[in-house]
Amino acid sequence: MTTHITGATNKKFDADPARPRFHYLPPSNWMNDPNGLIQWNGAYHLFYQYNPDGAFHANMHWGHAVSRDLVHWEQLPIALAPTPGSVDEDGIFSGCAVNNDGQPVIIYTGVRGERFEHQVQCVAFGSDDLLKWEKYANNPVVGEVPPEANQTADFRDPFVWRDGEHWYMLVGSGIKDVGGTAFLYRSDDLLSWDYLNPLLVGDRTKNGLIWECPNFFPLGDKWVLIVSMHDGKDTVRVQYFVGTYENHRFTPEVEGLLDHAYLYAPLTMQDDSGRRILWGWLREGRSKQAHTNAGWAGAQSIPRELSLDEHSRLIMRPVPEIETIRGAHHQYDNLNLDTTSEAEMPISAHGLALDIALDATLQDEGELMLSVACSPDNSQRTDIQFSALTGELSVNRAYSSLSEDDERHSHTAPHELDAGENLHLRIILDGSLLEIIANGRTSITSRIYPTRFEDDGIRLQGTGALVNRLDIYEMPSIWR
């Protein structure tokens, strides 16, 4: 294998308090969607959308990294690059990887045109070490959008799985004036594909005009469809559906938002132990000029293990492997905020790289706020709030950064506790990345941009709440 990424982050990045320390991102430049997730010979391979020329979206290649433990990553050479004069001359867009009886195969979208108006599905074959890839000579393997799409140009991000003797592929798209969809295909050899039908068609008013990066997989006794929805302009979000699958048709029974902020274009894989694991692209929350100047943009979420609860709601938990690198532990028990006026509890722990777990019991009108990345005078901070009265979880970023280049709007998600249920928060802070999962089912993945390492305090306050336990772990850099 190639040299480990250790040392690839230069002193400029080491001095950047916004740059993540224990999430995966390449040494520099632009990253977006996770691609081609596969466990091969025991190792986890992560491919991703990558621009080798700068920290901005252009010239899409497939970057490549590998890990044995889902925590420490080794940077590998670029896997796929555009071929001049071919169907992918203007970009190698998203896709997946599969094991075809011992042969690693990538299925991806090739694009051409100034506005990527020509989008087709292509195949590449890998060497046994996954370091060399040869594109299929007769690409594309799927070159035309189904007539039902009504001439949409959006036709990308293939997701492929095997069921019995056949391969199946979903391609994200949309039906003009109707809504987003994922078109279903079948093949015996990954090269010749027959179109079947739309797996599911959304309502443009609530499910978006375009579906990108579809995922479809069994979980328990149900099937789950995850799509990244786009309104054709600036609004994007990730929705999941849980239901039944029969005769190549999917019937949803439960639906919800997978994340309420910056996580987009997630991709899942099933590992050798049978776990369904999800990665998501953590988008930037600052101006293009700001991340271009910074020299890096985008990161991957901490991998999340997926399951369903008794109500068929999608449950997400950071993989337990991340707990193996936890450092100094600060534990606080029975913090009583059960007062008629807002009370604050002193928290001595601090840091900009933390793994936090909180369990609290709230009264019917109880409120709780945990602030992170706080300056000594509290002028810079990010407030994570929960109200039992309104049943809402929110992230207030009004004071998260001192830079005018950074977004400041709040994120709010409905989060009703079940009868007798405590509030459980898992909060992962890593520089500018803030991943929050409440009770395993409500996710807000935000971006904050602390401007100084010393602005790393933590504050806890609220009313009508008992924090049964608060665990704060200091997290190291994985690049040392």
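**Entry 1: strand 32 and its partners**

I started with strand 23 (residues 329-337), which pairs with strand 32 in the antiparallel sense over eight bridges. For the record, strands are DSSP runs of E of at least two residues, numbered from the N terminus, and two strands pair if DSSP finds at least two bridges between them.

A note on the model before going on: it is predicted, so local features need pLDDT of at least 70 and side-chain atom pairs count only at pLDDT 80 or more, while totals for chains, interfaces and linings use all residues. Residues are numbered from 1 along each chain as its sequence is written, and side-chain values use heavy atoms, with hydrogens and water left out.

Strand 32 also pairs with strand 25 (residues 353-374), again in the antiparallel sense, over 15 bridges. There I noted A357, whose bridge partner in strand 32 is D471.

How many of the 18 residues of strand 32 are buried? I find 15 in the run 457-474, so strand 32 is largely enclosed by the rest of the structure. My scale is relative accessible area: buried is under 20%, exposed is over 50%, and partly exposed is in between (1.4 Å probe, protein chains only).

**Entry 2: the sheet 9-10-11-12**

Next I followed an open sheet of four strands in the order 9-10-11-12, with antiparallel pairing. Its edge strands are strand 9 (156-163) and strand 12 (193-201), each pairing on one side only. From one strand to the next the twist averages 25°; axes are lines fitted to C-alpha atoms (for helices over the stretch in contact), and angles run from 0 to 180 degrees between N-to-C directions.

I then walked through strand 11 (residues 179-187). Strand 10 (residues 166-175) pairs with strand 11 over nine bridges in the antiparallel sense, and V171 is bridged to F183 of strand 11. The hairpin of these two strands has three residues between them, and D177 there takes a positive phi near 70°.

On to strand 12: seven bridges join it to strand 11, and the two run antiparallel. I wrote down two bridge partners in strand 12, Y195 for Y185 and N197 for L184. This hairpin has five residues between the strands, and L190 is the residue I noted with a positive phi near 70°.

Eight of the nine residues of strand 11 are buried, so strand 11 is largely enclosed by the rest of the structure.

**Entry 3: the sheet 13-14-15-16**

I looked up another open sheet of four strands, in the order 13-14-15-16, with antiparallel pairing. Strand 13 (210-219) and strand 16 (249-259) are the edges; each has a single partner strand, so one side of each is left without a neighbour in the sheet. Here the twist averages 25° from one strand to the next. Inside the sheet, strand 14 (residues 222-230) and strand 15 (residues 236-246) pair antiparallel over eight bridges, with M229 bridged to R237 of strand 15.

**Entry 4: nonpolar cores**

Which residues have the most contacts inside the largest nonpolar core? They are F22, W161, F216 and L225, in a core of 42 residues. A core here is a set of buried Ala, Val, Leu, Ile, Met, Phe, Trp, Tyr and Cys residues joined through side-chain atoms within 4.5 Å.

I listed the neighbours of F216, leaving out residues up to four places away in sequence: F159, W161, L170, L199, W223, V224, L225, Y245 and F250. Contact means heavy atoms within 4.5 Å. Apart from this core lies another, of 37 residues, including A360, L429, L434 and I444.

**Entry 5: cysteines**

I searched the whole structure for disulfides and found zero; the test is a pair of cysteine sulfur atoms within 2.5 Å.

**Entry 6: two single residues**

Q75 sits in strand 4 (residues 74-80) and is buried at 15% relative accessibility. Its side chain makes polar contacts with the side chains of Y24, at 2.4 Å, and Y48, at 2.8 Å. A polar contact is a pair of N or O atoms within 3.5 Å; within protein, one must be able to donate a hydrogen and the other to accept it, and residues adjacent in sequence count only if both atoms are side-chain atoms.

E344, in strand 24 (residues 343-345), is partly exposed at 46%. Not counting residues up to four places away in sequence, E344 touches R459, L460 and Q461.
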